Amino acid sequence: MSVSRLTSADRQSHPATRAPARPRPPTAAGDVDMTTEVLVRGGAALGLAAIALIHFLDLFSKLDETPYLGVVYLGLIGAALVIAGGLVRGAGRRWWLGAATLAALTMVGYVLSRSVGLPASTVDIGNW
């Protein structure tokens, strides 16, 4: 029976003596594990899809009442779906900026339509 003589360097690189690798903790705000990234991107894409669906359900009545708002709704729906698709494929800084901007503009439009009203559309004032 022979006993192999491993040097210290050999022991560290030998598979039987190597300690199991621990996951590396995030080192910066942008450095997150893959599961978290997928969940956050999916959640943001789902939120954008919800914005698109809500406005699609109201689209046809808006086109009858106030046509320019119907066109704005079409743009919002299209942008929300494109940005959601970009987030699902792989989140870059541009997609996150687009998602945040679109959500913020949607909120501004909502607040304006419910508070002071929009041109040719005052029916929603106070309808919170």
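Predicted model: local features only at pLDDT ≥ 70, side-chain atom pairs only at ≥ 80, totals over all residues.

Trainee: Is Ser-121 buried or exposed?

Mentor: The relative accessible area of Ser-121 is 5%. A residue counts as buried when this value is under 20%. Ser-121 is therefore buried.

Trainee: Which residues does Ser-121 touch, not counting residues up to four places away in sequence?

Mentor: A contact requires heavy atoms within 4.5 Å. With residues up to four places away in sequence not counted, the partners of Ser-121 are Thr-66 and Leu-69.

Trainee: At what angle do the axes of α2 and α4 cross?

Mentor: Two packed helices are described by the angle between their axes and by the distance between the axes. Helix α2 covers residues 34–65, and helix α4 covers residues 93–115. Their axes come within 11 Å, and the crossing is left-handed. The angle is roughly 35°.

Trainee: How many nonpolar residues does the contact of α2 with α4 have?

Mentor: From α2, the contact uses Val-40, Arg-41, Ala-44, Leu-48, Ile-51 and His-55. From α4, it uses Trp-96, Ala-99, Leu-102 and Thr-106. By class, two residues are polar and one is charged, while the number of nonpolar residues is seven.

Trainee: What kind of aromatic pair do Phe-56 and Phe-60 form?

Mentor: The model has one aromatic pair by the rule applied. Phe-56 and Phe-60 are four residues apart in helix α2, so about one helical turn separates them. Their ring centres are 5.6 Å apart. Because their planes stand at 80°, and planes over 60 degrees apart meet the criterion, the pair is edge-to-face.

Trainee: What is the separation of the C-alpha atoms of Val-111 and Gly-126?

Mentor: Val-111 lies in helix α4 and, at 38% relative accessibility, counts as partly exposed. Gly-126 is 15 residues from Val-111 along the chain. The separation of their C-alpha atoms is 9.8 Å.

Trainee: In which helix is confidence highest?

Mentor: The mean pLDDT of the protein chain is 83, and 75% of its residues reach 70 or more. Confidence is lowest in helix α1, residues 8–13, at a mean of 59. The highest value, 94, belongs to residues 67–89, which form helix α3.

Note on methods. Residues numbered from 1 in each chain as written. Heavy atoms only, no water. pLDDT = per-residue confidence, 0-100. Helix = DSSP H or I, 4+ residues; strand = E, 2+ residues; numbered from the N terminus. Axes fitted to C-alpha atoms, helices over the stretch in contact; angles between N-to-C directions. Left-handed = near helix turned anticlockwise from the far one by under 90°. Nonpolar A, V, L, I, M, F, W, Y, C, P; charged D, E, K, R; others polar. Phe/Tyr/Trp six-rings, centres within 6.5 Å; stacked < 30°, edge-to-face > 60°. Buried < 20%, exposed > 50% of the residue type's maximum accessible area, 1.4 Å probe, protein only.
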